[in-house]
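Please look over the structure below and read the notes that follow, which are grouped by topic.

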Amino acid sequence: MNVSIIGTGYVGLVTGVALAHAGHRVVCVGRNSDKVASINAGKAPFFETGLEVLLRRVIAQRRFTATVDFARGVADSHVTIIAVGTPTIDGAIDLSQIKEAARLVGEALSKKRSYHVVAVKSTVVPGTTESVVWPILANASGKSAKSLGLCMNPEFLREGNAMEDALDPDRIVIGSSDSKSAQAYAKLFSKNTCPVFFTNLPTAEMSKYVSNIVLATLVSFSNEMGRLAAQTRGVDVVDVWRTVHADRRWSPKIRGKRITPGIIHYLYTGCGYGGSCFPKDTKALYHFALQKGVSMSMLGSTIAINDQQPHRLVELVLHALGELHGKRVAVLGLTFKPNTDDIRESPSIAVVRELVDCGADVVCHDPQAYKAEEPEALRGLRVRFVKDYASALTDADAAVLATAWDIYRKIPPQDFVRLMRKPIVVDGRRVYDPSKFTRAGVQYLAVGCASEL
Ligand code: NAD
């Protein structure tokens, strides 16, 4: 099938490359001609494992191209996928990109004669596709449901594993206004073997929120338990999690072998969730529920706990150093999780900002978050960015581990002792062995255990 995708961000580009790899002819429509030219040259605008290799392959096979020519890109396709951003403003979803994309798609389709399906892939609150997207599309195209199909196909990819997830999804959810739209759209995924759920538009929209929010809730629950453990002499929450994870309902035995499902990683104390989805999706659904008069106390607590969690790391640094003015603090990791270059809403950014506010001289390291320039989220702050973690640790009075990159997991405690002015380590992701670090002479502090450890 010929597919046009509106948006060349994480979801648009990764989906486009995956669909091209599956044999479709894909055109990704972007707004920025430099970015589009760079994509056409095989260069992805962000880091995602495996993306560039596959991008170059599908370009060479002439199955993928990017363009800024909205009208042609859409008119030459059978299906259009809208994958533009849906940020929040003061907690409420901002649909301006969706509305603009729907209008432009509608206008581009006004002269097209054959049947066309438009699918919303962006995460939108329940009811949006039906009551916001459809009227704009119908009005701008002059078409009715007879010649214009409408679907909602939420995206479940995980940044860091996005290419793998797009090529081999665990589920496909297709919400539609009618079965003709759904059947036409489902042809895109005829080679996929995962379960396909056909449903209505608002159920598809809500399924995406609930998938994210259940995980965000586990993270905040784990951090709340960590707070209690930190105030309870003798308890280390990591040991508690080991016993919880051993429950066969969390880690079942398959053919006699205990497996570790991915869900377990959300039941662990750290410095909170971040990224482009969990923070905004939790807030958008909370706001949506408020508007409906539904009080979501658990969701509200999930958000509040997460907003406070980065502060715990700064508290630990203050506990160890007393005063931060003139003290050098190394922050290891800026991305919201390893294997991505995305620092959107990363807890590390909140940690860095607070440390700077407290007067610390902050030196950051991250293997992916910045190249030639400092990341935009930290622009204007008095922060240094260095190329290797050893430079960040050199002469530091304290180090904060904020992202669990593999290279940081492997740092031996002796390196902290050798490089730092004072070997004080705040483990915000619980990746180090407290007794090993303490034995090596490190003053080890961490979320989820008493700071006297
Ligand atoms: P993004 O900000 O990386 O990309 C969105 C892109 O859309 C931007 O490049 C923007 O320039 C482009 N755009 C906006 N209006 C446009 C227009 N009129 N024409 C052409 N391009 C336009 O966002 P993303 O991370 O790809 O997310 C997109 C949607 O998918 C969001 O709703 C998000 O919540 C959802 N989602 C994201 C992820 C993720 O991991 N990033 C996962 C699942 C779902």
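An N or O atom in the side chain of Thr 86 lies 2.5 Å from an oxygen atom of the ligand, a polar contact in the sense of a pair of N or O atoms within 3.5 Å, where within protein one atom must be able to donate a hydrogen and the other to accept it, and residues adjacent in sequence count only if both atoms are side-chain atoms. The model is predicted, with local features requiring pLDDT of at least 70 and side-chain atom pairs counted only at pLDDT 80 or more, while totals for chains, interfaces and linings use all residues. Residues are numbered from 1 along each chain as its sequence is written, and side-chain values use heavy atoms, with hydrogens and water left out.

- The ligand is surrounded by 27 residues, of which the closest are Val 11, Thr 86, Thr 123, Glu 159 and Lys 280; a residue is near the ligand if one of its heavy atoms lies within 4 Å of it.
- By class this shell holds 10 nonpolar, 9 polar and 8 charged residues, where Ala, Val, Leu, Ile, Met, Phe, Trp, Tyr, Cys and Pro count as nonpolar, Asp, Glu, Lys and Arg as charged, and the others, Gly among them, as polar.
- Helix H1 (10-21) and helix H5 (96-109) each supply at least two residues of the shell, and H5 gives the most, with 3 residues; helices (H or I, at least four residues) and strands (E, at least two) are DSSP runs numbered from the N terminus.

- In helix H8 (residues 179-186), the buried residues are Ser 181, Ala 182, Ala 184, Tyr 185 and Ala 186, with buried meaning under 20% relative accessible area, exposed over 50%, and partly exposed in between (1.4 Å probe, protein chains only).
- The cover over the buried residues of H8 includes strand S4 (79-82), strand S7 (116-120), strand S8 (148-152), strand S9 (172-176) and strand S10 (196-200).
- Apart from neighbours within four places in sequence, Tyr 185 has contacts (heavy atoms within 4.5 Å) with residues including Val 79, Ile 81, Val 117, Ala 119 and Cys 151.
- At the start of H8, the backbone nitrogen of Lys 180 has a side-chain oxygen of Asp 178 within 3.2 Å.

- Ser 346, in the loop between strand S13 (328-332) and helix H13 (347-357), counts as buried because its relative accessibility is 4%.
- The side chain of Ser 346 reaches two backbone atoms, the oxygen of Leu 334 at 2.7 Å and the nitrogen of Phe 336 at 3.5 Å.
- Not counting residues up to four places away in sequence, Ser 346 touches Gly 275, Leu 334, Thr 335 and Phe 336.
- Ala 108 lies in H5 and is buried, with a relative accessible area of 12%; leaving aside neighbours within four places in sequence, Ala 108 is in contact with Phe 70, Ala 71, Val 74 and Ala 75.
- Ala 108 and Ala 92 are 16 residues apart in sequence, and their C-alpha atoms are 29 Å apart in space.

**Loop residues**

- Arg 113, in the loop between H5 and S7, counts as exposed because its relative accessibility is 80%.
- The C-alpha atoms of Arg 113 and Leu 148 are separated by 10.0 Å, although the two residues are 35 residues apart along the chain.
- Asn 339, in the loop between S13 and H13, has a positive phi near 65 degrees in a residue other than glycine, and is partly exposed at a relative accessible area of 41%.
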